[in-house]
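Subject: Structure for your review

Dear colleague,

Please find the structure below, handed over for your study.

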Amino acid sequence: MQEYQDNPRLHLVRGEGSWLIDGEGQRYLDGNASVWTNVHGHNDPDLNRALQEQLSQVAHVTLLGLNHPVATGLTEDLATLTGGALPRCFFTDNGSNAIEVALKLSFQYWQLVGKESKRGVISMEGAYHGDTFGTMSVGGRSEFHERFAPWLFAAQTFPAPVHSECAGQVARSDASASLAALEALLVRDAATTACVILEPRVQGAAGMVQQPAGFVKAVAVLCRQHGVHLILDEVFTGFGRLGALTVAETEGVVPDFLCLAKGLAAGYLPLAATLTSEKIYEAFLGKFSEGRTFFHGHTFSGNPLGCAVARASLRKLRPMLASGQVAERADLLGREMAAAFAGHPHVRTFRQVGLTGSVEFKPVAAKCWPTDTRAGYRVALAARRHGLIIRPLGDSILFVPPISIQADEVKHLVRAVHLAMEEALAGLEY
Ligand SMILES: *Cc1c(COP(=O)(O)O)cnc(C)c1O
């Protein structure tokens, strides 16, 4: 907040496609898709219409013991993501809650089927699954969460694979140590493990850290072999971010729980979903006295306005992905990044897959800057002068544009980061 107070405020009053507009009429490309949520751009006429139509029906109805047709319709739509393999949907209103629900369902499921000792969780190093206590417990011990460690429950971790690619060119890739470590944990502890949780293909908050294609499939096979649930956290990777509706689909994997949020309602409204199988659902059925009830509910779970926008978004997204437009823009992003950053004296490394990317900065001579230099933050502030809103992570910048971004906008995005980097870093010592 000190930094926020000390720097110029930016109040955004309007949106238009990939652009945000401030009170003075200045236009900025939304280079982080309003925190990784935006799918079809801002102020989209089709989504606006869907929202207005629902608004004229009803704005909110609780899902606690009741239902509304747009939640039912969206559940049917979401079931098609897994070809009907995960037809059951538990709605919430943010990504952290979608994960909490998956963790609690997995834990309770094993108790309901008489395997009470299966209580453990295995997660991947560097993971980010949200900011609530349960999701912090299964997340990496980052500076975001370290302080709260004494209040977190224990989870086991396995190392992430080594992988880095940009524009389809793989710089390095080795998943063997990661998979061997996971297998060793499962061989030893499957009887006491409920689930493995994974952000598939890209760990967003870790800095767009990548896994090789096929890795998620290998993890899924190990989980199946050892009788442990697989939770895929596609809160970030779902809905076009990596060129398909889900990574699960791309990898040919059906997890036990699929968690969706950010892009689900296209960046319009808070909505999240945890999808699961008929088999897991049925374990929760029985007389009330059997104690099978899943006691979990959020006030705005499955809000009808969010569900209506989500349905309209999916209807638009499928043909957009099928047209090849998103794959083309992703490839362009990778090529533009390679052209701007390869061999640059201030660039430590860069990577891209789908519409995700990261460039890490470094001083020309020294190993790194002092923490308070805030190199990434300086670049992000300078980028505003070049008509771009973008978020830093430490000494890096993350590229997460709206899925509908146009080709000239991709070029603007990379050019603005490049110019901002030269301006902001040139004057720094080291
Ligand atoms: C953002 C994010 C979450 C948390 O979602 P919120 O809606 O912010 O609670 C969980 N997992 C991943 C992979 C995310 O990127």
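**The cavity**

The count comes to 1 cavity of 30 Å³ or more. On a 1 Å grid over the protein atoms alone, a cavity is a set of points where a 1.4 Å probe fits but cannot get out, and lining residues have an atom within 4 Å of a point. Grid points are joined across faces, edges and corners, and a volume is the space filled by probe spheres set on the points.

Please note that this is a predicted model, in which local features need pLDDT of at least 70 and side-chain atom pairs count only at pLDDT 80 or more, while totals for chains, interfaces and linings use all residues. Residues are numbered from 1 along each chain as its sequence is written, and side-chain values use heavy atoms, with hydrogens and water left out.

The largest cavity has a volume of about 50 Å³. Among the residues that line this cavity are W36, F236, R241, K262 and I403. The lining divides into 6 nonpolar, 4 polar and 2 charged residues; here Ala, Val, Leu, Ile, Met, Phe, Trp, Tyr, Cys and Pro count as nonpolar, Asp, Glu, Lys and Arg as charged, and the others, Gly among them, as polar.

**Salt bridges**

Side chains of opposite charge can pair when their charged atoms come close. With a salt bridge taken as a side-chain nitrogen of Lys or Arg within 4 Å of a carboxyl oxygen of Asp or Glu, the count comes to 14.

One of them joins R49 and D46, whose closest N and O atoms are 3.5 Å apart. These two residues stand 3 apart in helix α3 (residues 45-55), so about one helical turn separates them. Helices (H or I, at least four residues) and strands (E, at least two) are DSSP runs, numbered from the N terminus. R49 is partly exposed at a relative accessible area of 44%, and D46 is partly exposed at 30%; buried means under 20%, exposed over 50%, and partly exposed in between (1.4 Å probe, protein chains only). R49 and D46 also belong to a network of salt bridges with D44 and K316.

A further salt bridge links R88 and E278 at 3.0 Å, N to O. Because R88 lies in strand β4 (residues 88-92) and E278 in helix α10 (residues 278-282), the pair ties together parts that are 190 residues apart in sequence. R88 is partly exposed, at 30% relative accessibility, as is E278, at 29%.

Yours sincerely

Definitions and conventions:
On a 1 Å grid over the protein atoms alone, a cavity is a set of points where a 1.4 Å probe fits but cannot get out, and a pocket is an open set with protein on both sides within 12 Å along at least five of seven lines; lining residues have an atom within 4 Å of a point.
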